[in-house]
Amino acid sequence: KERKKERKRYIEREGVEMTVTYSSRFVLIVSLFLCLSPTVFFRSKAQQDRLVHSSRRDANSAAYQGRGGGNTFNVETSSNTYSARRFARQDTRGSSSYDPSRAMHPSMLFHDGPSLEARFNKPYGIVASPDGRDIFIADTFNHRIRRIDVEFGTVTTLAGTGASGSTDGLAKRGDATFMFPSGVAVSPDGGFVYVADTKNHKIRVIILGSGVVRTVAGSGLTGYHDDNIGTSARFNQPMDVVMHPNGHTLFVSDAMNNCIRKVDVQSGEVTTLTGDKTPGMVDGPKSKARFLQPMGMSCSTNTLLDGGAKSNNKCAFLAVADSGNHAVRLVNTETGAVITLAGGKSRGYVSNAVGIDALFAKPTSVSFVPSSLSAMSSASSSSLFQSKKKEKEK
C-alpha cells in the first residue's frame, strides 16, 4: 500500500502517464517479434520447400528400391553430377546415403539449358556420339535421356517426360516414357541410341532422325527367357548396353540375372553370351562362368587386345564391372569364356596392387583406353583366349 501511494504521488508530481510503462513493454515485445520473424515467420519459398522435402522420403528413391520384391538393386552414387566433363557442377557433400532430392524441390533436380544451369538427378550411363559432337546421358532418377552439345555445353532432353512409365511413341510429343534408365549406347552410324530401361526390364531404342522411341527386346516382366524374339524375351534389371562395331549386336549386362546377354537389334533375338541366373564368382568357359550383379561394360575396340586401331578385329573382348563380386572381368565375345582381370577376393581398397590382388568396392563402370592397355594384354595369354586354331590344336 505504501508503495502504491508513493508511486501515485510521483506520477502526480512528475506528470508522467502510466501508459508509458505499458508502451515500453509493447515496444519490447514488438522488437523481439521482428528479430525472430525472419527465421520463424518469413522464410522464402525455397526454404519452405527444403523443409518440406527434407522431412519426406524421396518418392523416386523409394519406388526404385521398393519395386520388384526382393530382387532390388540400388545404384545410388556418392555424389551427384549435375553436368558432364568441363561443364560439370558437382555436389560433393556426404556419403553414399546422401540423397539431394530430400533437401531440394523436385524442380531443382531437372533443368535443360546452358551448361552451368543444367540439372541432373543421379545420372548413370554416358556415351559419346561417333563424331564426338554429342554426349548422351541416362538421367536415371529423372526418367529421361539427355543430350549435351559438346561445343556449346547446351543440355536438352532427347526423350522422356520426367514421369516413370513404359510407353513407346514420339519423344517430342511426350509419348515416350522410361523408368530409371541406366545404360546408353550409340550405333556406329550415330542414328540410334539404345537404352537399358532398367526398371521396365526392357531394351529400348531412340531413332534420332524421327524422335520415335520403341522397344527392341523385353516384355516388361522380370524373368529369364532366352532364345526369344523381341518382346517375348525377359530381363531382370538390365544395367548397361554396349554396341558392337558391327552395328547389329548389342551386349546387355542383365544384373539381377547375373549374366551377359546379346540382342540382335535387327531381328530382336535375345541370347546369353555368358553366365546364367546362378550367382557366383567362377572363371572358365561359357557354361561354367558365373557373375554377381554385373553392371558397366566396355568393348576392347581399338585397343591392344584387338591388335590396335589398324586391326580389323573389333570388340574381341568385353570388360565387365562385376559389382557384386568386387571385380573386373574379361569376356571373350566370340566364345563367352571369362577370366578375372582384377579384384574378386574381397571388398576393399589397396594401392599399387596387381591383378586379383587389387581390391574394389562394388565397381559400377569400366572403360577401355584406346591403344594403351599394356596391362591388359597379358590376359590374351590365357588358354581361354587363344584363337580357335590353337584351341583345336590343343
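**Close-up views of a predicted model**

**View 1. D134 faces D149 of β5 across the sheet pairing.** Strand β4 (residues 134-139) runs antiparallel to strand β5 (residues 144-149), and 6 bridges link the two. Strands pair here if DSSP finds at least two bridges between them; the strands themselves (E, at least two residues) and the helices (H or I, at least four) are DSSP runs, numbered from the N terminus. This is a predicted model, in which local features need pLDDT of at least 70 and side-chain atom pairs pLDDT 80 or more, while totals for chains, interfaces and linings use all residues. Residues are numbered from 1 along each chain as its sequence is written, and side-chain values use heavy atoms, with hydrogens and water left out.

**View 2. β4 and β5 belong to an open antiparallel sheet of 4 strands, ordered β3-β4-β5-β6.** At its edges lie β3 (126-128) and β6 (155-159), each pairing on one side only. From one strand to the next, the twist averages 25°; axes are lines fitted to C-alpha atoms, and angles run from 0 to 180 degrees between N-to-C directions.

**View 3. Another open antiparallel sheet holds 5 strands in the order β12-β16-β15-β14-β13.** β12 (228-229) and β13 (238-243) are the edge strands with a single partner each, so one side of each has no neighbour in the sheet. β12 pairs with strand β16 (residues 269-275) in the antiparallel sense over 2 bridges. Look for I229, whose bridge partner in β16 is E269.

**View 4. Stepping back, the protein has 5 helices and 20 strands.** Of its 394 residues, 43% are buried, meaning under 20% relative accessible area with a 1.4 Å probe, protein chains only.

Notes:
Buried < 20%, exposed > 50% of the residue type's maximum accessible area, 1.4 Å probe, protein only.
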